[in-house]
Amino acid sequence: MSYKKYTLMLLLLLGCVLIVLSGCRDADLDPIYYTLENEEEIVDRGLDNEISVTHVVTGGSDYYAAAGVIHKRPVAGGDWTKIATPADSLCTALAVHNGELYAGFVNRSNGAGLGLWKTAFPAISWTQLSDFATSAEVVMLKEANSLLFVSTLESLKGKLYTYSLAGVYQGASTLPDAAGEPFSYDQVFVRDVAYDGSDYWLVAATYLLTGGAGSFTVAATAGQPSGVEFWGLHYAAGGAGNLPAGLYVSTYDASESDGRIAHYDVTWTSSAAVSTTFTEFLAAANDRLWVGTQDSGYYDLTSSTDVATLFADIADQRQPDNTIADLYNGSVLRFAQDGGTIFACTSLAGLWTTNNLGADWDRE
Amino acid sequence: MLIRKGKTAILLTLLLVLCAPLLPAQDEEAGSVAIYSAGQVSLSLNAGMFIPLFLQSFQGDYSEPNLKLGGLGSLMVGMHLDNNWFLGAEVSGMFAKDIRENLMLMVPITLKGAYFFHFFPFEIPVYLGAGMNLMKLAEQRQIDFILKPGFSSYWKYSSAWAFGLNFVYWLDFQPWKEDPDKARMGNFLEISLSAKYTW
């Protein structure tokens, strides 16, 4: 072959490849060199990076993180250390209420529920509460309007209990299904609670329930999402400079394999669908609503004007920077906030912290 | 004494490597036999270090690349047009980790023109490569235009085999029409060992 033909062949080949591939980039992400230029090293404070952290709470001058075992470190900084927990137990839920640490445990060996426990802090001494079945598996502990809600599975059936502001047991709540009968489906349990100033809202699988403390009915508001799974709840009171008022619910449509954020304030509004499962919410700032996902980091929605603005281009609001790959592609179960410090609890990717609203993230 | 001789040898080698491109093709002037003839094909395998230098905006501002020292390899094939001119194509691959431990990959595919200076048994090809650079960092994938000027210093072991060292500057252009303020140029240095076979 003459060198002229050879050169022409090479040029043609290069040109074709260049044309074919020139469109292969993601314009929603920053260019690579600009991304590199703005990178900062991720600080690692020594907690194992492969663990699942389900809860972080602030108790006095310490943070407590539930990851099967319970770790603690001073708020002011320092190393994480394990605290004592009941023998052969794994922590499944953690909350601070009435100045005490409440935790649900299961048996480490066989997964059987060990009920609800509490302890004062920082000196740890666990006491098992006997207000309800001590064999219950506590799946959620959450404060709303100063009440502590305890969601459990007992013989696979979901139940809900409350404790008052003073930590006094208030009894079991009624959890009816659409027919008014008590929850009868296996593994259907209350996953999240929110208070809108007059009523409580609960989500449990495909159920959205509302009512006063202790007695709930299935919500039947016009246009509410149906045929979807509910996961997280957040209520915003609104006001100048704040998130639009109303109830925010994360939903997952299993038939379409996508998630949406729905908003209710007299009427329902839903965001565009995103190919992920949204988890719990955090009002990270007055006008910023964060929502975790099961496989795509978290989404950061900002608006103080209206819901349409808040939900605009939701698919582009994925966070954090994609070079923080373990968090960007991670399962963010929930957030915890202590002043300007926000924790992201992940499944199998450890615990992450930001002190500047997500501009940088460090590993705990 | 040995150390002094060694230093002298290194200095002479460096002088030869760095200054040779500036010299005329003395073999021709001396009337020596041509090493290559039109139509001969050379194939070289290269492996070495990828040294991140700096990033630069199109306005001229410099910044740290935030990349660690990396590795690379390449395969080049081409045809000699005469004793001095050479035209070929090269496929390279590099890897380096950023400061967040993400792996950055580049695969430049370039056309390469070279001019060989001969100092038998050494030869100094000075070349320029131009083409596309397939890149990946974390979730982002891009294709840029890249220029790769450089030179090599080869020792001719036999009429077929030569071994040497490559010094190649990678200048990668990354314009960004969505936001021109984010456009940057990447500046890197390749230092690699090379084995070349000609037939």
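A: Happy to! Let's begin with sheets: two strands count as paired if DSSP finds at least two bridges between them. Keep in mind that this is a predicted model. In chain A, the strands S9-S10-S11-S12 line up in that order as an open sheet of 4 strands, with antiparallel pairing.

Q: Which strands stand at the edges of that sheet?
A: Strand S9 (137-144) and strand S12 (169-172) of chain A do. Each has a single partner strand, so one side of each is left without a neighbour in the sheet. Going from one strand to the next, the twist averages 20°.

Q: How many bridges pair S9(A) with strand S10 of chain A?
A: There are 7 bridges, and the two strands pair in the antiparallel sense; S10(A) covers residues 147-154. To see one bridge for yourself, find A:Val138, whose partner in S10(A) is A:Thr152.

Q: What about the side chains in a strand?
A: As a general idea, side chains in a regular strand alternate between the two faces of the sheet.

Q: How do I decide whether a residue is buried or exposed?
A: Count the other C-beta atoms within 10 Å: 20 or more makes a residue buried, and 12 or fewer makes it exposed. A:Ala66, found in strand S2 (residues 62-67) of chain A, has 25 of them, so A:Ala66 is buried. Leaving aside neighbours within four places in sequence, A:Ala66 is in contact with A:Val53, A:Thr54, A:His55, A:Cys91 and A:Leu94.

Q: And B:Leu69: buried or exposed?
A: B:Leu69 counts as exposed because 10 C-beta neighbours lie inside 10 Å. You'll find B:Leu69 in the loop between strand S2 (62-63) and S3 of chain B. Beyond neighbours within four places in sequence, B:Leu69 still has contacts, with B:Met49, B:Ile51 and B:Ala96.

Q: Which residues have the most contacts inside the largest nonpolar core?
A: That core has 85 residues, and those with the most contacts inside it include A:Val56, A:Ala65, A:Leu94 and A:Phe343. Take A:Ala65: beyond four places in sequence, its contacts are A:Val53, A:Val56, A:Ile70, A:His71 and A:Leu351. Apart from that core lies another, of 22 residues, among them A:Leu36, B:Phe50, B:Ile109 and B:Ala138.

Q: How many residues of chain A are in contact with chain B?
A: 30 residues of chain A are in contact with 33 residues of chain B. On the chain A side, helix H1 (3-21) and helix H2 (32-37) each supply at least two residues. H1(A) gives the largest share, 9 residues. By class, that side has 19 nonpolar, 5 polar and 6 charged residues.

Q: Which strands form a hairpin in chain B?
A: S3(B) and S4(B) do, with 4 residues between them. Strand S4 covers residues 85-97 and pairs with S3(B) in the antiparallel sense over 10 bridges. In that pairing, B:Val77 stands opposite B:Ala89. Strand S1 (residues 41-57) of chain B also pairs antiparallel with strand S3 (residues 70-80), again over 10 bridges. B:Asn46 is opposite B:Ser74 there.

Q: Where in chain B does pLDDT stay under 50?
A: Over residues 1-31. Where pLDDT is low, the predicted coordinates should not be read in detail. Chain B averages a pLDDT of 87, and 84% of its residues score at least 70. For the complex, the predictor gives an ipTM of 0.82 and a pTM of 0.83.

Notes
Residues are numbered from 1 along each chain as its sequence is written. Chains are lettered from A and ligands numbered from 1 in the order in which they are written. This is a predicted model: local features need pLDDT of at least 70, side-chain atom pairs count only at pLDDT 80 or more; totals for chains, interfaces and linings use all residues. pLDDT is the predictor's confidence in each residue, from 0 to 100. Two residues are in contact if their C-beta atoms, placed from the backbone, lie within 7 Å. Ala, Val, Leu, Ile, Met, Phe, Trp, Tyr, Cys and Pro count as nonpolar, Asp, Glu, Lys and Arg as charged, and the others, Gly among them, as polar. A nonpolar core is a set of buried Ala, Val, Leu, Ile, Met, Phe, Trp, Tyr and Cys residues joined through C-beta atoms within 7 Å. Axes are lines fitted to C-alpha atoms, for helices over the stretch in contact, and angles run from 0 to 180 degrees between N-to-C directions.
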